[in-house]
Amino acid sequence: MESNFNCLSRSPSLCMYVPSVEQHKNELHEEPKKIKEVYFALARAYTIEEFNRHMAKLETIDSRVKTYLMDIGYDKFSQAYSKTNRTTTMTLNIAESVNASNKHARDLPVVNLLDFMTTLIQKWNYTNQKDVVESFMKIGVKYENILADNTILSQTMTVLLSTQFLHLVIDGQTRNVVRLHEKNCTCGRFQLDDIPCPHAMAVIQKFHMDSYKYCSDYYSIDYLLKTYEIPVNPLSDETT
Ligand SMILES: [Zn+2]
């Protein structure tokens, strides 16, 4: 089983579909490694301007790539062109993890393989649930780290108040407009990641607001617990 789903998201469960460059390397045979690198930067771009910059770079490597990607449709692989944010897209990217874990068990007879898979999923379910229950955080560790990183980045920014929920944040040479009540920033990250970007964090820090209020509910510990609330029951021996 080979996955055509490459995870662009920082969330393991919230991914976008992208065409595999490896899979099409015969069609894109000019410098595939370079193409792959720029392609992923293109797919991860938060704004159309950033997307266009990477696309121009791709065209200089192989001019046929743009037509190839246009035929697929930009909205199929680019988060800047995507019509939705990542927390409203439910996809699963477990194939590669399963493939890596059952490498040796695949040589076993089918009954033993099924037994191995049941035990493996039970173990994953138990460990993940235990980690969430023992966590004293309001959101998952990964999202706490994103908030912490964005808080650090926000330290050097200047916030200019426009209205209660509309702010101009100056970040070096760039000017970003943050609309807190819409969970939106002109950098594109706030609305696409559903978690405050560094510019939004600059506003939140300046006015001592609650950053968790501006994170998606899907990142909360309550929602993470719901993921593992259905137990994977062990199977007894058929002879007993
Ligand atoms: Zn921003």
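Predicted model: local features only at pLDDT ≥ 70, side-chain atom pairs only at ≥ 80, totals over all residues.
## The sheet, strand by strand

A hairpin of 4 residues links strand 1 to strand 2, and V159 has V169 in strand 2 as its bridge partner.

Moving along, strand 2 also pairs with strand 3 (residues 174-179), again in the antiparallel sense, over 6 bridges. Here H167 has V178 in strand 3 as its bridge partner, and L168 stands opposite V177 in strand 3. The hairpin of strand 2 and strand 3 has 2 residues between the strands, and G172 takes a positive phi near 60 degrees there.

Strand 3 then runs antiparallel to strand 4 (residues 184-185), joined to it by 2 bridges. V178 turns up again here, with C185 in strand 4 as its bridge partner. Between strand 3 and strand 4 the hairpin has 4 residues, and K183 adopts a positive phi near 50 degrees in it.

Two packed helices are described by the angle between their axes and the distance between the axes. For helix 6 and helix 8, the axes come within 8 Å and cross at roughly 75 degrees. Angles of 65 to 115 degrees count as roughly perpendicular, and helix 6 and helix 8 are therefore roughly perpendicular to each other. On the helix 6 side, the residues that meet helix 8 are N150, T151, L153 and S154; on the helix 8 side, they are P198, M201, A202 and Q205.

## The nonpolar core

The largest nonpolar core holds 36 residues, and L42, L58, Y143, A200 and V203 have the most contacts inside it. At least two residues of this core come from each of helix 1 (32-44), helix 2 (48-61), helix 3 (64-72), helix 6 (141-154), helix 7 (189-193) and helix 8.

Setting aside its neighbours within four places in sequence, L58 is in contact with I35, V38, Y39, L42, V65 and K66. L42 is itself listed among the core residues with the most contacts.

The protein has an average pLDDT of 82, and 82% of the residues score at least 70. Confidence is highest in helix 8 (residues 198-206), with a mean of 96, and lowest in helix 4 (residues 95-101), with a mean of 76. Over residues 1-18 the pLDDT is below 50, and this stretch has 42 contacts in the model beyond near neighbours in sequence.

Key: Residues numbered from 1 in each chain as written. pLDDT = per-residue confidence, 0-100. Contact = placed C-beta atoms within 7 Å. Pairing = 2+ DSSP bridges. Core = buried A, V, L, I, M, F, W, Y, C linked by C-beta atoms within 7 Å. Buried ≥ 20, exposed ≤ 12 C-beta atoms within 10 Å, placed from the backbone. Axes fitted to C-alpha atoms, helices over the stretch in contact; angles between N-to-C directions. Parallel < 35°, antiparallel > 145°, perpendicular 65-115°, else oblique.
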